[in-house]
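On what grounds is each of them used?

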Amino acid sequence: MAPAILKSIVITGVSSGVGLAAARAFLARGYRVFGSVRREADAARLRAELGQHFTPLLFDVTDADAIAAAAAEVAHALGPEPLTGLLNNAGVAFGGPLQYQPIEIIRQQFEVNVLGLLQVTQAFLPLLGARSGFTGQPGRVLNMGSVSGQVAAPFLGAYVGTKHALEGLTATLRRELRLFGVPVVLIGLGVTQTPIWDKGIDLEPYAQTPYHGPAQRFLGFINKTRTQGLTPEYVADRLVQILETPRPKIRYTIAADVFRAYIVPRLLPARALDWLLARGIGLKPGPR
């Protein structure tokens, strides 16, 4: 007889990439995994692929009614047991120069990466133990941030802005949720071998702008570093470790080269980093 599953986690954005790898990793550790997808076809595929201890949740993080229905579904499935973890993984990234990027594309990134994440967190916090009268071991929240939250890259300004915002929201949540003993951890993720940039960097709308040449060079750099990035499976294993560690740190940086991707850019004077980036991709005044 298989052992009873007592641990459980909700993971947003499990259709591919890190979310899917995390679902597999937590299932392998004996968790019951509830994973959000936006399409019924993905729900059916993952239900068949991941097995009986995986439950797909059909919602978009910008849809409050669907999120509430999913939280009620999880509450019913868990019964008296608390939720062990919430991994806020869903996110989008659309590249382009801020001077020309349509405001609706910028708004979409904030709606998903910031407001959607917060909306999901609010819905599931009571299941993690953030409620009056709760007794037992509280769960914890893992927010998938980025090294971009503290190191700004050109042509990803809106995405960078969302990750900067997430740094502040996570810190405030962490302090507020001490009231209930619910830890909140930020994951500063570096470049990974995932399809997020395949979906999000289209430079054709900016072909007639002065930024097109530098943006193309920047995209080449992204594609090169992505091949050297971490695999989703490696990231997923680290997420399991972070959720299960008795006393988690408030922030973890997960990157192939933490020194170059995170430490050095934060230690350099801002104008020195500006100069290096400009030199690398041609962001300088004059003919192009």
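The questions below concern a predicted model and take up helix pairs, cavities and a pocket in turn.

Q: Why is α4 called roughly parallel to α5?
A: Helix α4 (residues 103–128) and helix α5 (residues 157–176) pack at an angle of about 20 degrees, and their axes are 8 Å apart. Angles under 35 degrees count as roughly parallel, so α4 is roughly parallel to α5. The crossing in which α4 passes α5 is right-handed.

Q: Which residues of α4 and α5 meet?
A: From α4 come Ile 106, Gln 109, Phe 110, Asn 113, Val 114, Leu 117, Leu 118 and Thr 121. Their partners in α5 are Ala 158, Tyr 159, Gly 161, Thr 162, Ala 165, Leu 166, Leu 169 and Leu 173. By class, this contact of α4 with α5 holds eleven nonpolar, five polar and no charged residues.

Q: What makes α3 and α4 roughly parallel to each other?
A: Helix α3 (residues 64–78) packs with α4 at an angle of about 20 degrees, their axes being 10 Å apart. The limit for the term is an angle under 35 degrees, and α3 and α4 are therefore roughly parallel. Their crossing is right-handed.

Q: How many nonpolar, polar and charged residues has the contact of α3 with α4?
A: Ala 64, Ile 67, Ala 70, Ala 71, Val 74 and Ala 75 in α3 meet Gln 119, Val 120, Ala 123, Phe 124 and Leu 127 in α4. The contact of α3 with α4 comprises ten nonpolar residues, one polar and no charged.

Q: Why are α1 and α2 described as roughly parallel?
A: The angle between helix α1 (residues 17–28) and helix α2 (residues 40–50) is about 30 degrees, with the axes 12 Å apart. Since angles under 35 degrees count as roughly parallel, the term applies to α1 and α2. The crossing of α1 and α2 is right-handed. Leu 20, Ala 23, Arg 24 and Leu 27 of α1 make the contact with Leu 46, Glu 49 and Leu 50 of α2. These divide into five nonpolar, no polar and two charged residues.

Q: How many cavities of 30 Å³ or more are counted, and what lines the largest cavity?
A: Two cavities of 30 Å³ or more are counted. The largest cavity holds about 50 Å³ of space. Its lining consists of Gly 95, Gly 96, Phe 155, Leu 156, Ile 201, Leu 203, Ala 215, Phe 218 and Leu 219. Seven of these lining residues are nonpolar, two are polar and none is charged; Gly counts as polar by the rule used.

Q: Which helix gives the most to the lining of the second largest cavity?
A: α4 does, with three residues. This cavity has about 30 Å³ of space and is lined by Thr 12, Val 61, Asn 88, Asn 89, Ala 90, Val 112, Gly 116 and Leu 117. The lining has four nonpolar, four polar and no charged residues.

Q: Which residues lie nearest the centre of the second largest pocket?
A: Arg 140, Gly 181, Val 182, Pro 183 and Pro 248 lie nearest its centre, out of 24 lining residues. The volume of this second largest pocket is about 600 Å³. At least two lining residues come from each of α5, β6 (184–189) and α8 (232–244). By class, the lining of the second largest pocket has twelve nonpolar, four polar and eight charged residues.

Notes:
Residues are numbered from 1 along each chain as its sequence is written. This is a predicted model: local features need pLDDT of at least 70, side-chain atom pairs count only at pLDDT 80 or more; totals for chains, interfaces and linings use all residues. Side-chain values use heavy atoms; hydrogens and water are left out. Axes are lines fitted to C-alpha atoms, for helices over the stretch in contact, and angles run from 0 to 180 degrees between N-to-C directions. Helices (H or I, at least four residues) and strands (E, at least two) are DSSP runs, numbered from the N terminus. Angles under 35 degrees count as roughly parallel, over 145 as roughly antiparallel, 65 to 115 as roughly perpendicular and the rest as oblique. A crossing is left-handed if the near helix is turned anticlockwise from the far one by less than a right angle, and right-handed if clockwise. Contact means heavy atoms within 4.5 Å. On a 1 Å grid over the protein atoms alone, a cavity is a set of points where a 1.4 Å probe fits but cannot get out, and a pocket is an open set with protein on both sides within 12 Å along at least five of seven lines; lining residues have an atom within 4 Å of a point. Grid points are joined across faces, edges and corners, and a volume is the space filled by probe spheres set on the points.
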